Amino acid sequence: MGEQWTTASMPDQRGRVALVTGANAGLGYETAKALAERGARVVLAVRDVEKGEQAAACMTGDVTVQALDLTSLDSVRTAAAALRSRLGRLDLLINNAGVMYTPKQITRDGFEMQFGTNHLGHFALTGLLLDLMLPVPGSRVVTVSSTGHRIRAAIHFDDLQWERSYGRAAAYGQSKLANLMFTYELQRRLAAHGTTVALAAHPGMSNTELARNTPAALRLPLTWLAPLITQTPAMGALPTLRAATDPAALGGQYYGPGGRNEVKGHPRLVTSSPASYEMAVQQRLWAASEELTGVKFPVAESEGSPLTSGSAATT
């Protein structure tokens with residue numbers, strides 16, 4: 001397809017089942033809305049069920065709500081169990097929910113908030129739902145990253161939870177870099193199976209409530225500049241939608257806005273930072289994520305080995 005990819009470019013989604021995290025507002029709302037309008041059965045996985053129901057009421061099609069709090073592994077496991085009994089199959093898992101530039105906080109499980117929500121919560125959810133996807137040809141896991149994965153970003157294995165020191169931007173960068181490393185390692189593990197693929201996307205600079213924790217010194221200037229440097233949530237959702245639905249999209253690809261510096265524009269293939277492709281770090285992060293969450297994927301450990309579609313194990 002050409003560069004001017006829009007929701008009109010999306011194939012018919014009838015017969016597909018999609019789960020979108022953080023779908024009550026912003027990018028997640030626009031992603032879920034577009035999928036439902038094209039005929040998919042869509043589940044909004046949200047922390048605030050009332051807001052989720054309000055969002056669902058504004059959408060057309062088969063849209064339901066599932067409680068999910070990514071800051072709690074107990075909630076992730078409860079949601080996954082409910083979804084496994086409700087759905088039977090899953091074609092699209094859109095790992096969209098996230099937090100950005102939060103003050104130093106920890107999740108219910110003791111993880112730094114941005115790393116715990118953006119990466120570990122989605123890592124656990126994906127592992128617990130993957131066996132619903134493996135039997136489904138064409139199924140996709142799409143994880144939303146950010147250009148923030150380039151900013152002061154590294155995986156700090158010596159202090160993953162930022163217990164010794166904390167920087168909002170660096171912690172956010174780590175979580176978004178982790179999203180990409182997770183995607184690339186997951187795709188490597190899925191490749192031999194041939195049915196499910198993993199892709200990533202980023203929205204560029206989108207005008208959403210995600211930026212509400214921007215430091216006060218930057219908040220007013222960004223408000224003034226927003227009309228010039230940001231795009232609507234509907235435009236920001238297009239890279240995710242393209243990764244999820246474009247028949248030409250391949251596992252391991254990364255989509256973002258096609259404009260200058262990937263800030264705005266229609267979605268196209270983009271390239272992530274050199275650090276994101278470091279296989280040894282991807283594999284070390286995977287092992288650390290399994291240990292922290294207690295979730296082991298229904299994927300063979302050795303590269304090139306066949307996958308199984310049994311239930312994910314938890315400890």
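**Close-up 1. Strand E6 pairs with strand E7 in the parallel sense.** The model shown is predicted. E6 spans residues 197-201 and E7 spans residues 254-257. Their pairing runs over 2 bridges. Alanine 200 has tyrosine 254 of E7 as its bridge partner.

**Close-up 2. Strands E7 and E8 pair in the antiparallel sense.** Strand E8 covers residues 267-269. The two strands are joined over 3 bridges. In one of them, proline 257 is partnered by proline 267 of E8. In a regular strand, side chains alternate between the two faces of the sheet.

**Close-up 3. Tyrosine 184 and tyrosine 277 form a stacked aromatic pair.** The structure holds 9 aromatic pairs, this one among them. The ring centres are 5.0 Å apart. The planes make an angle of 10 degrees, and the pair counts as stacked because that angle is under 30 degrees. Tyrosine 184 counts as buried, because its relative accessibility is 7%. Tyrosine 277, at 39% relative accessibility, counts as partly exposed.

**Close-up 4. Four aromatic residues, Phe123, Phe182, Trp286 and Phe297, form a cluster.** Ring pairs provide the links between them.

**Close-up 5. Arginine 284 places its charged end over an aromatic ring.** The ring is that of phenylalanine 157. The charged end of arginine 284 sits 4.0 Å from the centre of this ring.

Methods
Residues are numbered from 1 along each chain as its sequence is written. This is a predicted model: local features need pLDDT of at least 70, side-chain atom pairs count only at pLDDT 80 or more; totals for chains, interfaces and linings use all residues. Side-chain values use heavy atoms; hydrogens and water are left out. Two strands pair if DSSP finds at least two bridges between them. Helices (H or I, at least four residues) and strands (E, at least two) are DSSP runs, numbered from the N terminus. Rings of Phe, Tyr and Trp (its six-membered ring) pair if their centres lie within 6.5 Å; planes under 30 degrees apart count as stacked, over 60 as edge-to-face and the rest as tilted. Buried means under 20% relative accessible area, exposed over 50%, partly exposed in between (1.4 Å probe, protein chains only). A charge sits over a ring if NZ of Lys or CZ of Arg is within 6 Å of the ring centre and within 35 degrees of the ring normal.
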